[in-house]
Amino acid sequence: LIRTGTKVNNKDTLIKSDERLDELNRRGYKIIQHPKKFCFGIDAVLLSAFASVKEGEKVLDIGTGTGVIPILMEARYGGNYTGIEIQEDVADMARRSVKYNDLQEKITIDNADIKDGISLYGSNTIDVITTNPPYMTVNSGIVNDNDTKAISRHEVSVTLNDIIRVSSSLLREKGRFYMVHRPHRLMEIMSVMSEYNMQVKRLRMVHAFVDKDANMVLIEASQNGGAFLKVEKPLIVYDKTGEYTKEVADIYLE
């Protein structure tokens with residue numbers, strides 16, 4: 001990502017003095033982020049490319065943060081998106097990024113708790129759900145003193161079970177669920193999905209280098225889908241020189 005240090009147009013009033021504006025390398029879109037709060041990483045970018053959206057589908061991004069996944073997916077697929085984010089200040093940044101990119105007619109940001117998702121959106125109303133959730137339980141790792149980072153990284157305000165349980169109720173029959181997570185929790189993820197009648201359909205392991213263990217997993221599941229699983233070839237992020245592999249570079253730039 002190319003970080004812009006200079007404000008360049010009359011939309012500058014949308015950016016607060018302690019925030020920055022980052023290039024997304026897609027259709028000229030940019031995103032507002034706060035350097036001392038949780039900023040999106042490569043996992044969100046890879047998920048936006050792994051997921052797919054068909055014309056007319058209703059899409060919900062759970063824990064949208066600054067709205068990067070809906071913005072990237074709109075650039076890739078077009079369509080309309082809703083992002084839900086529990087943190088008021090982060091949701092505000094997402095809304096301002098949507099406005100900065102003139103996407104108000106295509107992307108809506110709701111400041112709400114996904115555990116209230118059924119009352120907000122209704123059962124069996126969503127075609128596609130994406131989520132880049134907190135990876136760590138509250139009992140694992142060091143919980144950051146910065147509340148925003150803690151909520152983004154640890155299951156402080158929402159758990160894996162919460163996300164899958166609510167998603168199962170929100171999705172239409174055969175609706176698709178896309179998630180990026182850590183491989184060490186894969187068995188737990190599949191067990192919880194099975195409990196709520198979600199079947200994993202695609203898996204792709206992500207490795208920083210070809211000779212390193214996987215550090216991310218991309219998952220597609222289907223609500224009440226059949227028991228067929230496709231395991232795709234591994235995605236390698238860096239070549240031996242430390243540069244992005246062609247596949248990852250293409251994801252960033254396409």
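Under a rule that pairs rings of Phe, Tyr and Trp (its six-membered ring) when their centres lie within 6.5 Å, the count comes to 4 aromatic pairs. The structure is a predicted model, in which local features need pLDDT of at least 70, side-chain atom pairs count only at pLDDT 80 or more, and totals for chains, interfaces and linings use all residues. Residues are numbered from 1 along each chain as its sequence is written, and side-chain values use heavy atoms, with hydrogens and water left out.

**Aromatic pairs and charges over rings**

A pair of aromatic rings is described by the distance of the centres and the angle of the planes. Planes under 30 degrees apart count as stacked, over 60 as edge-to-face and the rest as tilted. Two of the pairs are set out below.

| Pair | Centre to centre | Angle between planes | Class |
|---|---|---|---|
| Phe-50 and Tyr-178 | 6.1 Å | 85° | edge-to-face |
| Tyr-238 and Tyr-244 | 5.5 Å | 10° | stacked |

Helices (H or I, at least four residues) and strands (E, at least two) are DSSP runs, numbered from the N terminus. Phe-50 lies in helix H1 (residues 42-50) and Tyr-178 in strand E8 (residues 171-181), so this pair ties together parts that are 128 residues apart in sequence. Both Phe-50 and Tyr-178 are buried, that is, under 20% relative accessible area, where exposed means over 50% and partly exposed in between (1.4 Å probe, protein chains only).

Tyr-238 is partly exposed, at a relative accessible area of 29%, and Tyr-244 is partly exposed at 35%.

A charge sits over a ring if NZ of Lys or CZ of Arg is within 6 Å of the ring centre and within 35 degrees of the ring normal. Arg-202 lies over the face of Phe-50, 3.9 Å from the ring centre. The charged end of Lys-11 sits over the ring of Tyr-100, at 5.3 Å from its centre.

Helix H2 (residues 68-77) has 8 of its 10 residues buried, so it is largely enclosed by the rest of the structure. Among the buried residues are Val-68, Ile-69, Leu-72 and Glu-74. Gly-78, with a positive phi near 70°, follows H2.

The axes of H1 and H2 come within 9 Å and cross at roughly 40°; these axes are lines fitted to C-alpha atoms over the stretch in contact, with angles from 0 to 180 degrees between N-to-C directions. The two helices are therefore oblique to each other, a class left after angles under 35 degrees (roughly parallel), over 145 (roughly antiparallel) and 65 to 115 (roughly perpendicular). Contact, meaning heavy atoms within 4.5 Å, involves residues including Ala-44 and Leu-47 of H1 and Met-73 and Tyr-77 of H2.
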